[in-house]
Amino acid sequence: MKKLLLGDEAIALGAINAGLSGVYAYPGTPSTEITEFIQTNAKHVRSRWCTNEKTAMEAALGMSFAGKRALVCMKHVGMNVCADAFVNSAITGVNGGLVVLAADDPSMHSSQNEQDSRFYGKFAMIPIFEPSNQQEAYDMMAVAFEYSEAIKEPVLLRVVTRLAHSRAAVEISEQKAENALNVSTERWVLLPGIARKRYAELLEKQPLMEESAEKSVFNKVEKGGGKLGIIACGIGYNYVKEAVGDETNILKVSQYPLPEKAIKQLAEENDAILVVEDGQPVVEEDVKKLFGTGYPVKGRLTGDLPRTGELTPDCVAVALGKSAGPVYDAAKNLAARPPQLCQGCGHRDVYTALNQVLAEYPDYRIFGDIGCYTLGALPPFKALSSCVDMGASITMAKGAADAGLFPSVAVIGDSTFTHSGMTGLLDAVNDNSNIVVVISDNLTTGMTGGQDSAGTNKFEAICIGLGVEPEHVRVVVPLPKNMPEITNIIREELNYNGVSVIIPRRECIQTAARHAREAKKAKEAQK
């Protein structure tokens with residue numbers, strides 16, 4: 001049976017049919033649809049959203065300890081958040097199969113950087129799978145879980161935006177049963193004496209991983225003539241095939257560690273190698289090290305392919321000496337339309353109030369965070385001075401206040417606050433920092449489509465529990481009619497020498513509209 005699936009959906013269904021017991025994730029484009037698909041189509045699988053990627057990784061490791069198969073999903077910057085648990089999971093090893101899905105975002109369509117998650121796989125010294133199409137994405141899930149259990153290590157599966165968000169027909173296999181509960185008999189206690197032994201065991205597994213990559217069905221050689229060999233990684237294989245068809249010698253790489261024997265054979269049969277990989281020059285650097293300066297290796301580092309952004313069939317064609325396709329610039333005469341906060345969004349009223357009050361202070365700064373409210377940095381508000389990473393608003397505001405800046409204000413969303421902001425607020429409380437923290441609460445994780453927010457209806461209790469004085473935890477409803485009340489509260493808290501928290505609370509208009517439609521549909525069904 002075939003189904004038309006997004007790459008993300010193919011991964012999700014592949015995991016379900018491989019006997020998945022739990023998916024642990026924090027929403028982040030382009031990975032979000034994986035967990036959403038599992039939530040909709042596999043009610044037996046544990047699939048509630050986690051507070052952040054670190055808690056997701058740790059919970060999945062716990063499920064693996066109990067012998068079940070677990071999937072962890074995140075976008076590439078989420079790998080930074082879960083790095084501690086991820087890297088150490090290679091030392092503890094696994095029991096039930098554990099697959100870590102990292103969805104990278106070349107060209108930064110909805111991200112703050114272009115980092116390549118393959119570096120994390122290399123750093124942790126675990127196997128990496130990188131599908132070239134939706135069918136491989138589906139097939140790799142079963143293989144990855146089985147391989148993880150065979151070598152007792154986690155497996156990293158890396159995809160990119162173009163694969164995650166494009167559709168193709170996928171041949172579906174039968175669903176396997178979940179693993180039975182089989183709690184590990186080993187103790188995963190990384191005291192130095194035990195960790196040293198486990199690290200030595202990880203090193204001993206490296207030749208086995210390399211041999212597996214050499215023999216992998218996902219790595220293959222195609223001979224088509226000429227004297228330029230191509231190493232095509234993941235989705236890059238499709239761009240190469242579109243540009244040259246069967247005319248060139250190609251080594252397709254979709255399982256790592258790199259198959260060095262196959263690469264050396266390719267080099268012997270060709271005068272040069274072009275490395276085609278979407279992301280950073282991970283493979284290109286390794287191949288250059290393999291041959292030194294005496295053999296020409298081309299790619300992003302040499303300028304034959306663009307150093308930044310997504311690959312395209314056209315740029316690959318040019319690197320192969322072909323002409324690019326025609327350019328259609330239908331948008332050249334259209335006015336620029338930068339993204340904006342939705343009309344009627346509560347965040348708009350928050351920024352209106354802040355700008356109105358803070359205009360009375362010549363040296364104020366507002367430190368922002370990751371979320372749809374980051375658009376407050378753009379016109380018409382131009383409110384934010386920074387947006388670096390999840391949770392940075394509070395700690396940057398604290399640091400600026402420590403340096404003498406006044407007023408120092410942080411704006412953070414509800415989901416981001418529980419993801420990474422709570423620890424920064426505790427630092428500020430412990431140091432009695434003179435800052436105002438605005439937790440703009442729209443009762444959902446709005447930027448990624450309205451997933452549950454971990455702290456909904458708990459924020460006042462959390463802030464008071466972290467030590468903020470109860471009288472300086474203020475809740476307002478961000479509506480134009482309430483502007484006098486909101487501006488007065490902002491002024492009062494700016495005049496307080498300590499940590500203040502203001503919580504503007506109003507449901508995201510997108511989820512509110514969806515809930516209204518659902519309620520109407522349910523009411524009609526009862527008639």
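1. A word to start with: two residues are in contact when they have heavy atoms within 4.5 Å of each other. Keep that in mind as you look around this predicted model.

2. On the α1 side, Gly-7, Ala-10, Ile-11, Leu-13, Gly-14, Ala-15 and Asn-17 take part, and they meet Gln-134, Ala-137, Tyr-138, Met-141 and Phe-145 of α7. Sorted by class, this contact has eight nonpolar and four polar residues, with no charged ones.

3. How do these helices lie against each other? The axes of α1 (residues 7-17) and α7 come within 8 Å and cross at roughly 30°. Angles under 35 degrees count as roughly parallel, so α1 is roughly parallel to α7. The crossing of α1 past α7 is right-handed.

4. Helix α7 (residues 134-151) also matters for the next stop. The largest nonpolar core has 103 residues, and Ile-38, Leu-71 and Ile-231 are those with the most contacts inside it. Helix α7 supplies the largest share of this core, eight residues. There is also a second, separate core of 48 residues, with Tyr-361, Leu-425, Val-476 and Ile-503 among them.

5. Do have a look at Ile-38 itself. Beyond its neighbours within four places in sequence, Ile-38 is in contact with Ala-12, Ile-16, Leu-20, Val-23, Lys-43, Val-45, Ser-47 and Leu-71.

6. Finally, visit Leu-228 in strand β9 (residues 228-233). Is Leu-228 buried or partly exposed? Buried means under 20% relative accessible area, so Leu-228, at 22%, counts as partly exposed. Leu-228 and Asn-249 are 21 residues apart in sequence, yet 6.9 Å apart in space, C-alpha to C-alpha.

Note on methods. Residues numbered from 1 in each chain as written. Predicted model: local features only at pLDDT ≥ 70, side-chain atom pairs only at ≥ 80, totals over all residues. Heavy atoms only, no water. Core = buried A, V, L, I, M, F, W, Y, C linked by side-chain atoms within 4.5 Å. Buried < 20%, exposed > 50% of the residue type's maximum accessible area, 1.4 Å probe, protein only. Helix = DSSP H or I, 4+ residues; strand = E, 2+ residues; numbered from the N terminus. Axes fitted to C-alpha atoms, helices over the stretch in contact; angles between N-to-C directions. Parallel < 35°, antiparallel > 145°, perpendicular 65-115°, else oblique. Left-handed = near helix turned anticlockwise from the far one by under 90°. Nonpolar A, V, L, I, M, F, W, Y, C, P; charged D, E, K, R; others polar.
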